[in-house]
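Open the model in a viewer and keep the selection tool at hand. The stops below say what to select next and what is there.

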Amino acid sequence: MEQGNGKKLVIGVIGADVHAVGIRILEYAFREAGFDVTNLGVMVSQEEFIGAALETAADAIVISSLYGHGELDCRGMRDKMDEAGLDGLLLYVGGNIVVGKQDFVDVEKRFHEMGFDRVFPPGTPPEETIYYLKKDLGVD
Amino acid sequence: MHYALLIDFGSTFTKVTAVDLISEEIVGTASAFTTVDSDIGTGLNVALDRLRRVTGDIAFEFKSACSSAAGGLRMMVSGLVPELTAEAARLAALGAGARITRLFTHELTRRDLIAIEADPPDIFLMTGGTDGGNRACMEKNAEKLRSLSVQFPIILAGNRQAIDACEDALADFPVTVCPNVMPSFGVLNIEPVQREIRDLFLKHIVNARGLSKTKEILSDILMPTPSAILSAMKLLADGTEKETGIGELMGIDVGGATTDVYTIARGEPVDMNVICKGLDEPYAKRTVEGDIGMRYSVAGIVSEVGQSWISERSGLTADDCATYISELSDDKSKVPLTHDDALARFDHALASGAVEIATRRHAGVLEEAFTTSGLIYVQTGKDLRSVRQIIFTGGSFIHAQSPLDIARHALYTERYPMSLRPKQATVLRDDRYILSAMGVLAEREKDIALRIIKRELVPLGDISLGDDS
C-alpha cells in the first residue's frame, strides 16, 4: 500500500442500486492508492453523500451506479452540493450510468452538464479513476 | 444500620424510598413537595417525617439521590450535519439524562449566541466532524462562544484535529475533552461523553444550582433522574453476574410536560432484504418528546393525533374535548375526581395519544425500495418488533383505569406498518415509582436493586398485534 496521501474520498452506489461488490473493490483500490476512503455502501441517497462529505471534509465524491438509473439518481446532485456549501468539490460518476447502449460521448456530455467533473464508462479499471483523482487533487 | 435511603428530587415531588438491605425489601416510601425556591432540604425533611411514620425510627447505612429538580440537567448541544454529529450529540445528552434546551447545527449565528447568553446551559456539548474531517464547524463555534459574557462547562467531543484550536479559544471556560461522538462516518461513540456529563453533573451542576444549603445532602446526589431510570432499565434487561435480567425491553414514562421512551435493545434488522442507513443507535436509548405530555403539552398531543382521534377514544364530543383542552391549559393541576368521569376518559385518550406518538418517534422505520434484485427495505433506527416487554412508569399510567388499552398504542400496527414497534408484549407497571430509586441503589448494590425491581414491577397482562385498539 502506498503512503497515505491525505486526500479524503466519499464513495458509494447511488439510488435503489444494490450492487455491493464493485464498490468494495473500489474502496480497496482507492485505499491501496493512498486515499482515505469513507465507503457508504449501496443504496446511498444524494443527501447521504453530502452529509458524509461535510462531516469528513472530503476532497471528492465518487458515485457509482450499475443498474441504469444513474441519470435520474444523479440529477440535481451538484445543485444540492452547492446548497450545502460544497461548491467546487470534485465530483465523479462511473459505471452503467444510463439505460441501454448509448454513445458514451453523449452520456459524458450530459453528465458534465449536470456538474460532474469526470464521467467513466462501464469497464473502467480502478487505476484510471485513481490516475485522474491524483491529477485533479494534485497528488504527487 | 442495614437500611438505605434513596431520594428522587423531582420537579414537583421529592420522593423517598427506604430499603432493607438484608431482607431486600422496600420498607416504606413517602413524598412531599419539592422546595427548590427556599432550600431543597425543607421538602426533603417533610418527606422524611412522613417516611418515619411508616418505618419508625431507622438509621441509614447510606443515602443516595438523583435529581431532576430546578429544571433538571439543562444542556445545549451542537454538531455539524443534523442527522450525523448533531444527532450523535443529541443521543449522548439524552442518554445521560439531560434535557436539551437547544440543539445547534452547522455554525452558530449571532442570534444563537444571544439565545445562549439569555439562558445559559448547565453544560454545552460541542461536536462536529469525523476525526480528520471537518474542522471549521468546531473551530468557528469555539471562537464564537469565546465572545460570550457568560461561562459554563463545555465538553469538546468532535473532530480531534479541531480540539487544540478550540481549547485555545475557550481558555476562559471550564473545558473537558472527550473522544469524538462520531469518530468515523456513521459510528457512534457516546459513552465517554456520557461519563463526562455525569462527572460534571456531580462536580459543578448540583452545587451551582443552589439545590441545597446543606452540604450533607449535596454529596448524595449522584445523577440526573432520567439517567437513574435508564440505568435501572438496563439493569433489569441485562441482569448481573448473579441474577438474570428479563431481556430486551421498552420503557415509557408519560409525564405532565414530556414523554420519555427508553429501549434496551439492539434493534438490528431481522430479515435478509434489509439495508441499514443512518447513524448507529445506542443499545440503551432514551428519547424525550418535549411537546407530548398530559398537562403542559396537551396541545402537542392534540395537534399530532387530531382532535377527532381524542374524541373518538374518550367517547366525548368534540365540544367537550375542546373545553378540556382549554381548561387544562389554564389549570395544569386539574385531575379526575373519579375513575370514570369525563376528565378521566379524556386523560385516557391523551395518554393513549402520547404513547402512540412517542413510541413511533422512538422506534426505527422501514422504507420500501424497488431494486433490480427485487423489493428491499431500508431501515433507519432500531427494529423493536421482537421486544417483548414494556415497562410503564409515571402517574398518568399508574392511575389509569384501563392501562392495557393505553399500552396497546405502543405496539406495531397495520396502520403504521413501517414503524418498527413491538409486535406483542407483557406489560409491567412501576406502581410504587421505584425505578429511579433502584437506579440509584444499583450504584452500590446491583443485585439487590435488580431483585427488588423484578419483584416490584406489577405484570398487568399481555397485549399483542391485532388486539382491538
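**Stop 1**

Select strand β18 (residues 424-429) of chain B together with β17(B): the two run parallel and are joined by four bridges. Strands pair here if DSSP finds at least two bridges between them. Helices (H or I, at least four residues) and strands (E, at least two) are DSSP runs, numbered from the N terminus. This is a predicted model, in which local features need pLDDT of at least 70 and side-chain atom pairs count only at pLDDT 80 or more, while totals for chains, interfaces and linings use all residues. Residues are numbered from 1 along each chain as its sequence is written, and chains are lettered from A and ligands numbered from 1 in the order in which they are written.

Pick Phe392(B), and then its bridge partner in β18(B), Arg429(B).

Are its residues buried or exposed? Five of the five are buried, so the strand is largely enclosed by the rest of the structure. A residue is buried if 20 or more other C-beta atoms, placed from the backbone, lie within 10 Å of its own, exposed if 12 or fewer, and partly exposed in between. Show the side chains: Gln389(B), Ile391(B) and Thr393(B) point one way, and Ile390(B) and Phe392(B) the other way.

**Stop 2: two loops in chain B**

Go to Glu24(B), in the loop between β2 (13-20) and β3 (25-33) of chain B. Its phi is positive, about 55°, although Glu24(B) is not a glycine. Most residues other than glycine have a negative phi. Glu24(B) has 15 other C-beta atoms within 10 Å and is partly exposed.

Then select His106(B), in the loop between β6 (99-105) and α3 (110-118) of chain B. This residue, also not a glycine, has a positive phi near 55°. His106(B) counts as partly exposed, with 19 C-beta neighbours inside 10 Å.

**Stop 3: a helix in chain A**

Select α1 (residues 21-32) of chain A. This helix of 12 residues reaches 17 Å from its first C-alpha to its last, close to the 16 Å expected; the expected span is 1.5 Å times one less than the number of residues. Which residues of α1(A) are buried? They are Ile23(A), Leu26(A), Glu27(A) and Phe30(A). Seen down the axis of α1(A), they fall within an arc of 105°, so they line one face of the helix. The arc is that of the directions from the helix axis to the C-beta atoms.

Against these buried residues pack β1 (8-13), β2, β3 (60-65) and α6 (126-137) of chain A. Turn to the face away from the buried side to find the exposed residues Val21(A), Arg24(A) and Ile25(A). After α1(A) comes Gly34(A), with a positive phi near 100°.

**Stop 4: where the chains meet**

Show both chains. The contact takes 14 residues from chain A and 21 residues from chain B; two residues are in contact if their C-beta atoms, placed from the backbone, lie within 7 Å. On the side of chain A that touches chain B, the elements giving two or more residues are β2 (36-39) and α2 (46-56) of chain A. α2(A) gives the most, with five residues.
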